[in-house]
Amino acid sequence: FIAEAEEAIARIENDLPGAMQEDRVLLQAQLLMARADYAGAAVVLETLAKSSTVGTYARYNLGIAWLRSGDNERGVKMLDEIGKTPAASEEFKALRDKANVALGFAALQEEKPEAARGYLERVRLSSMIANKALLGFGWASSALSEHKKALVPWQELTSGQREVGDAAVLEARLAVAYAYAELGAYGQSLDSYKGAISAYEREHVSLNQSIAAIRGGKLL
């Protein structure tokens, strides 16, 4: 509800005390990013970058804003600092993982697969976004024509130990089949494609059941 959030923020006439003002500015920047005004968000976020309370979040969002506005050099530098900074709490470890995943996929888009692998290797396997990091590491290896190495993270994703409906896990099923084909293992590739089709069909059924349950008031 972007418009409603903007309307609520606009009702505040004066500066708020301390941390509440910083939260408001951070929210304003996030709303600008939601509107794809990344340059405008970057200007707002620069005022918070040195904050002792929300500074790390502001720097993360600032790095993302710079990347998406085309200022890759500053964006990569900012996120790289966060991605290498020791973190004491789970909250900031998770933010560090997010920074490294963002760096990894930005490097993939710039066709720098070796750099992408370096960033993605920093992500903890226990992280909430480890699946996306494993997927990206596989694509980086594939871009380097190291298809056997690409299979390692992709097979980890499809081993059955991770959430079967996760987007990265579903994509990895297709990626495994692709890697086998690139290696000339066409029988394994065909079997993997068939397995991917079955997995997508099961997920399709599951989604439809969830939709029906929500519409019927059975799933809160």
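User: Which residues form a nonpolar patch on the surface?

Analyst: Patches are made of residues with over 30% relative accessible area and no salt bridge, where like charges are joined within 9 Å and nonpolar side chains (Val, Leu, Ile, Met, Phe, Trp, Tyr) within 5 Å. Accessible areas come from the Shrake-Rupley method with a 1.4 Å probe, and for residues only the protein chains shown count as cover. In this predicted model, L174, Y193 and Y200 form such a nonpolar patch, with about 250 Å² of accessible area together. Residues are numbered from 1 along each chain as its sequence is written, and side-chain values use heavy atoms, with hydrogens and water left out. Because the model is predicted, local features need pLDDT of at least 70 and side-chain atom pairs count only at pLDDT 80 or more, while totals for chains, interfaces and linings use all residues.

User: Where is the place of Y200, and what is its relative accessible area?

Analyst: Helices (H or I, at least four residues) and strands (E, at least two) are DSSP runs, numbered from the N terminus; Y200 has its place in helix 11, residues 186-215. Buried means under 20% relative accessible area, exposed over 50%, and partly exposed in between, with a 1.4 Å probe and protein chains only, so Y200, at 34%, is partly exposed.

User: How many salt bridges does the rule give?

Analyst: A salt bridge is a side-chain nitrogen of Lys or Arg within 4 Å of a carboxyl oxygen of Asp or Glu, and by this rule the count comes to twelve. One of them joins the side chains of E90 and R124, at 3.2 Å from N to O. E90 lies in helix 6 (residues 90-109) and R124 in the loop between helix 7 (113-120) and helix 8 (130-143), so this pair ties together parts that are 34 residues apart in sequence. E90 is partly exposed at 49%, whereas R124 counts as buried at 18%.

User: Which salt bridge do R124 and D97 form, and what is its N to O distance?

Analyst: The side chains of R124 and D97 meet at 2.7 Å, N to O. With R124 in the loop between helix 7 and helix 8 and D97 in helix 6, the pair ties together parts 27 residues apart in sequence. D97 counts as buried, at 0% relative accessibility.

User: Which residues are linked in a network of salt bridges?

Analyst: E114, R117, E146 and K149 are linked in this way. E114 is partly exposed at 48%, while R117 counts as buried at 7%.
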